[in-house]
Amino acid sequence: MRKLSFEPSRVLIYLVVSLLAAAYLAPLVVVVLNSFRSNQEIAQASMIGWPKQWAWSNYAAAWSGFCVAETCTGIRPYMLNSALVTIPATIISTMLGAVAGYAVSLWRFRGDSWIYGIVTLGLFLPQQMRLLPWTVVLRDIGLINTLTGLVLVHTIQGLSFTTLFCRNYYAAVPHELIRAARIDGAGFFRIFWRIILPLSSPILIVTVIWQFTHIWNEFLYGVTFTTGQQQPVTAALIALSAAIADIPQHGVQSAAVLIAALPTLLVYFFGGRYFVRGLTAGAVK
Amino acid sequence: MTGELSVAMQPGRSAISGLLRRLPEQLMIWVPLLLAAGHIVSFALWTIWISFTPSTLVPVSGWVGLRNYTAVLATRNWQIAFNNLLLFGSTFVLLSLVTGLLLAILLDQRIRGENVLRSIFLYPLAVSFVVTGTVWSWLLNPGLGIEKLVHDLGWISFRFDWLIDRDMAIWTIVIAAVWQSSGFAMALFLAGLRSVDNELIKAAQIDGAGPVRMYRRVILPTLWPITITVVVIQLQFAISTFDLVRALTNGGPGIATQLPALVVYDLMFQRGLLGRGAAAAVLMLLILLAVLLPYAAWRFVKRRQAGHA
């Protein structure tokens, strides 16, 4: 064992870092504890406290019991909606982004840098500039208030990020590799399939995690383009807090909030390294 | 160049059959890219156009000049939202810079459990603003959260009711936003600290620089390009903040924590004033450009200099 040093400055560093870590964890701990406390217990004391009796029933109620606007289905259908939007949109936007990134970085064609430049502008265009056009487009093609409509919106919006991620990654692939393959007669798809895709797993993981987290957590499009039973879980949570503002059920709400946060927390827990890479890759570019 | 090569390799084939054969790849290249680029340009232009029309419940053509803009700018709603944005944007960015830098320096001291700590500081970024906003609305609610807890512990005169105080409510949004996204600044700063040239540090050590002077004189000056990037990205976030406020205060009490993104939503989908809503959205874009254009110019100059070096 290494000798532990007790220099005052080291002690101070550990003290400060532990306090900060506690501050960052506190909200999560509070919600987890509340999800096991009965609504009455919270109403009598405060939101911050240790459960007297562990009320597991909060989770059952949150998942499939409580009522929003006279439909008593719990959070389950909205979780399903979020999954049915997030999973296809993540997969499709990642695949299209990979092909597009490959095309702009390695295939080179006339106008590639122009079109790529415009695509990356999409990273900066505020959502508010797209709300009205999307509403009109979705209405015209009959996809307003449908999950398919949200998949379409998130897929196309996501292309800016996925193309950027993949292009930057493929830019490091030596062009000689591609040229040699072309001389051997390999075409666009064959090179992509045989050479590029096998190299791509790190960037594909980064992209999938990024897209999944962002689409799952997205709120504005969800609340604008869908209503009622078609809403994703983020929008449903807001509707829930509005619906039960008169008779608060903070135990059940805590459980609901945790269930809604669980998918992205799990992704973060298992793929944290890739999550951070996506975060910094998006920033440094 | 490679394009010419592939044509040269297929002599004698007719142009049409060549085109047909390459149709799938052309479609795969162009359809996603054109959809992505096309929707950005056309959506932006269309919203700008709507902002000059008398559209209310449905988009209509017509021209009202800047009337929508002057109308929006004259409302108290927008004025409060804009002032809040200035206040929230500047304090949020400053505090998350300071917190992020502090966290990064602490984590850079070769401490035990660095990975666990880093995950703790970053996990809020993986959670939706709706969730964190809701949780903070409970913690900051005087009858429910921290104030209630302290009262129950016996300190009856303790007050922490910013959430329901018109003058202080905007700071609750700052607290929640800093808590949620200072980890992002930390991640970038930590990457920067780790890439400081070791020779530089050694040279300073030989000169007898202590840890404080080392950071102030040698290490921190190398971080300023990262700092600018962090500021710009955090400002971009601040300008488009919507979910967090919606979940935490919903713009209240009254309209005390209104922000531009909420004004846009309110005008477009709650009051059915599409023209004014579009004008407010364009104003948001202009605020964003006021941040991004200088940044883009700075990056351009920097890249030029790097190219000449």
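A quick rule before you click anything: a residue is buried if 20 or more other C-beta atoms lie within 10 Å of its own, exposed if 12 or fewer, and partly exposed in between, with C-beta atoms placed from the backbone. You're looking at a predicted model, where local features need pLDDT of at least 70, side-chain atom pairs count only at pLDDT 80 or more, and totals for chains, interfaces and linings use all residues. Residues are numbered from 1 along each chain as its sequence is written, while chains are lettered from A and ligands numbered from 1 in the order in which they are written.

**Select chain A.** You'll find 13 helices and zero strands; helices (H or I, at least four residues) and strands (E, at least two) are DSSP runs, numbered from the N terminus. Its C-alpha atoms fill a box of roughly 75 × 70 × 30 Å along the principal axes. Of the 285 residues, 49% count as buried.

**Now pick residues 8-34 of chain A.** That's helix H1, with 27 residues. Center on Leu25(A), where H1(A) bends by about 40° (the angle between axes fitted to the seven residues ending there and the seven starting there). Pro27(A) follows within four residues. Show side chains for the buried residues of H1(A): Val17(A), Tyr24(A), Pro27(A), Val30(A), Val31(A) and Asn34(A).

**Last stop: bring in chain B.** The contact takes 69 residues from chain A and 72 from chain B, counting two residues as in contact if their C-beta atoms, placed from the backbone, lie within 7 Å. On the chain A side, select residues 250-284: this is helix H13, which gives the most, with 14 residues.

Definitions and conventions:
The expected span of a helix is 1.5 Å times one less than its number of residues.
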